[in-house]
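Subject: Handover of a structure and notes on its contents

Dear colleague,

Please find below the structure that I am handing over to you. My notes on what was found in it follow directly after.

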Amino acid sequence: MGESSMGAVVPAADKAELKGDDALAFAMAEKELLCPICMQIIKDAFLTACGHSFCYMCIATHLENKSDCPCCAEFLTPSQLFPNFLLDKLLKKKSAHQLSKTASPVEQFRQSLEQGCEVSIKELDSLLSLVAEKKRKLEQEEAERNMQILLDFLHCLRKQKVNELNEVQNDLHYIKEDLNAVERHRIELYRARDRCSVKLQMLSDDPVGMRSRSSSMDKNISGVLCNSCSIQGGVNSANFQYKKDEGNVQVNPLGTQSKDASLSGPTSQHISQSGLAVVRKKRVHAQFNDLQEFYLQKRRRMINHLENQEKKDKAIVTREGYSSGLADFQSVLSTFTRYSRLRVIAELRHGDLFHAANIVSSIEFDRDDELFATAGVSRRIKVFDFSTVVNEPTDVHCPVVEMATRSKLSCLSWNKFTKNHIASSDYEGIVTIWDVTTRQSVMEYEEHEKRAWSVDFSKTEPSMLVSGSDDCKVKVWCTKQEASVLNIDMKANICCVKFNPESSKCVAVGSADHHIHYYDLRKPCHPLHVFSGHKKTVSYVKFLSNNELASASTDSTLRLWDVNENLPVRTFRGHTNEKNFVGLTGNNEFLACGSETNEVFVYHKAISKPATWHRFGSPDVEDSEEDAGSYFISAVCWKSESPTMLAANSRGTIKVLVLAA
């Protein structure tokens with residue numbers, strides 16, 4: 001029992017069987033094998049005259065500074081150092097023994113062979129057979145592992161491709177359904193057009209009947225043509241031309257052509273409409289990938305929604321023969337392809353031509369879109385009459401109201417209920433409410449400690465407004481109180497604040513920490529959501545609807561977010577914005593922002609690339625490279641429910657732009 005138990009502990013057995021110098025090496029205390037200076041195993045051992053051993057480098061370095069033994073303090077010089085050959089031999093054997101204990105069996109066998117260990121041919125044959133068998137086994141295991149890895153990869157790839165195939169098959173099914181629905185609707189439109197053409201031909205053969213029934217006939221034809229326009233992108237019949245002006249469709253005969261020519265010959269209106277259709281098709285192909293993604297997203301979402309609904313809810317699937325997803329996509333496609341440029345319909349100067357400080361920081365329409373106000377570094381709020389600016393082509397438009405301020409202004413916000421009230425924020429951190437009628441300040445709030453960048457009136461609660469500042473604070477104010485009613489401390493500079501258009505309890509805040517914080521003011525300690533994605537400071541936030549929030553950043557992107565689902569929707573790229581406030585505005589369909597290239601960019605909210613853009617040019621050097629590099633767009637604002645917008649640049653030029661075909 002004793003021998004077997006001793007054999008189970010290999011290190012102890014080896015130590016017990018050692019004799020001679022090896023036994024002495026293992027029996028020496030660990031302390032005796034350490035250099036008293038470096039406290040490591042002695043290397044290149046040297047003995048002093050007083051009998052102590054050290055590493056040669058350690059004791060030599062010591063004697064350069066002192067002339068004594070580090071152990072006993074006896075006088076010592078370099079000439080009294082002698083090599084300790086016995087200790088060196090013992091240390092080398094101990095090191096070799098330790099290495100052999102930690103070496104693998106293969107390494108030990110290799111060392112034995114190198115040291116001349118006697119092995120017979122029979123033993124070598126046996127060892128070679130064992131090694132060969134071991135090698136085959138290892139190769140087999142390695143091959144099995146590699147095969148399993150390949151098999152797992154192929155299974156994963158097959159699963160992924162099957163899912164992709166199922167998705168493509170589902171998409172093809174949606175497309176086939178939609179093709180059939182569109183074809184049916186197109187045939188109905190063609191039949192209606194043919195019936196209309198026959199009736200018009202009959203009326204042209206009967207002028208008296210035409211006069212007596214023209215009123216009712218015009219009404220019916222207008223309705224038919226309106227339907228045709230909605231599905232065919234504006235293609236009308238061969239006998240009539242129409243024009244759309246402010247939402248009203250007018251139908252007029254094409255002169256006094258002969259009967260045959262009116263029925264078969266192409267007209268100038270046909271040619272223009274055909275050219276317009278070609279242009280719109282080119283726009284579709286230019287943005288095909290984004291449109292495809294939007295279409296499939298809408299259709300898949302609609303199908304998923306239907307799968308989770310009761311059968312009674314399936315009535316929402318059809319709308320004029322279309323699925324809801326297809327109807328939504330058709331609306332986007334029609335809106336997106338309708339416009340190709342921004343046309344200037346008016347232009348004015350905000351400041352003195354000889355005054356350098358003309359940057360327009362903010363431009364806003366009032367409640368009824370009748371007036372618009374501008375403000376900036378000129379320390380003045382100017383209010384213009386929109387109809388006067390558009391309809392009177394004068395070189396200089398005078399504001400109907402002008403109010404001087406003490407400091408440079410950063411932002412304006414009209415009260416959505418009290419038409420004559422407008423709020424401003426300035427570089428001294430003061431938030432002021434002005435009465436445009438009396439041209440006097442109604443209330444001043446001076447709690448911000450640094451520059452206030454943004455202010456916004458609530459659309460649902462007329463007495464509520466919110467502001468954000470470089471002091472990292474968001475403050476909520478009430479026009480009935482002199483002090484703030486709520487304060488939110490944040491860790492970064494606040495660049496923009498905006499109320500949700502349908503709630504005075506929810507506020508979006510953009511800051512220098514690259515995030516948008518969405519707060520419920522009833523629980524201001526923590527934000528409801530934090531939207532992350534921008535790489536630099538968030539300079540603007542704007543609501544397109546109660547659940548759609550747009551943001552702009554100096555990372556040269558706009559982003560669209562779903563505040564209800566806490567999800568990013570889309571990222572828009574095309575403009576340049578790295579250091580300046582260039583403005584952001586939006587309506588139900590479009591986003592617009594400025595660029596540091598002195599251009600205004602317009603994006604459709606469903607497409608990530610610009611729909612169109614317009615470049616400002618100075619009156620002196622129109623569209624020059626120098627001009628584009630010197631100025632930037634500083635403020636933009638949509639006119640509600642309209643394709644018209646205002647844009648201003650850092651030179652003080654304000655343009656009224658309208659989306660055009």
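In these notes, contact means that heavy atoms lie within 4.5 Å. Please bear in mind that this is a predicted model.

I begin with Ser407, which is found in the loop between β10 (401–404) and β11 (409–414). With residues up to four places away in sequence left out, Ser407 touches Arg379, Asp426, Tyr427 and Glu428. Its relative accessibility is 5%, so Ser407 counts as buried. Ser407 and Ile430 are 23 residues apart in sequence, and their C-alpha atoms are 8.9 Å apart in space.

Tyr427, one of the residues touched by Ser407, also takes part in an arrangement of a charge over a ring: Arg451 lies over the face of Tyr427, at 4.6 Å from the ring centre. Elsewhere, Lys655 lies over the face of Phe616, at 4.5 Å from the ring centre.

Next come the aromatic pairs, of which a search of the whole structure finds 17. In one of them, the ring centres of Tyr339 and Phe590 are 6.0 Å apart and the planes stand at 65°, so this pair is edge-to-face. Tyr339 lies in the loop between α12 (324–338) and β6 (341–349), while Phe590 belongs to strand β28 (residues 590–594); the pair therefore ties together parts that are 251 residues apart in sequence. Tyr339 and Phe590 are both buried.

Phe372 and Phe386 form another edge-to-face pair, with 6.5 Å from centre to centre and 75° between the planes. Because Phe372 lies in strand β8 (residues 371–376) and Phe386 in helix α13 (residues 386–391), this pair ties together parts that are 14 residues apart in sequence. Both Phe372 and Phe386 are buried.

With kind regards

Terms used
Residues are numbered from 1 along each chain as its sequence is written. This is a predicted model: local features need pLDDT of at least 70, side-chain atom pairs count only at pLDDT 80 or more; totals for chains, interfaces and linings use all residues. Side-chain values use heavy atoms; hydrogens and water are left out. Rings of Phe, Tyr and Trp (its six-membered ring) pair if their centres lie within 6.5 Å; planes under 30 degrees apart count as stacked, over 60 as edge-to-face and the rest as tilted. Helices (H or I, at least four residues) and strands (E, at least two) are DSSP runs, numbered from the N terminus. Buried means under 20% relative accessible area, exposed over 50%, partly exposed in between (1.4 Å probe, protein chains only). A charge sits over a ring if NZ of Lys or CZ of Arg is within 6 Å of the ring centre and within 35 degrees of the ring normal.
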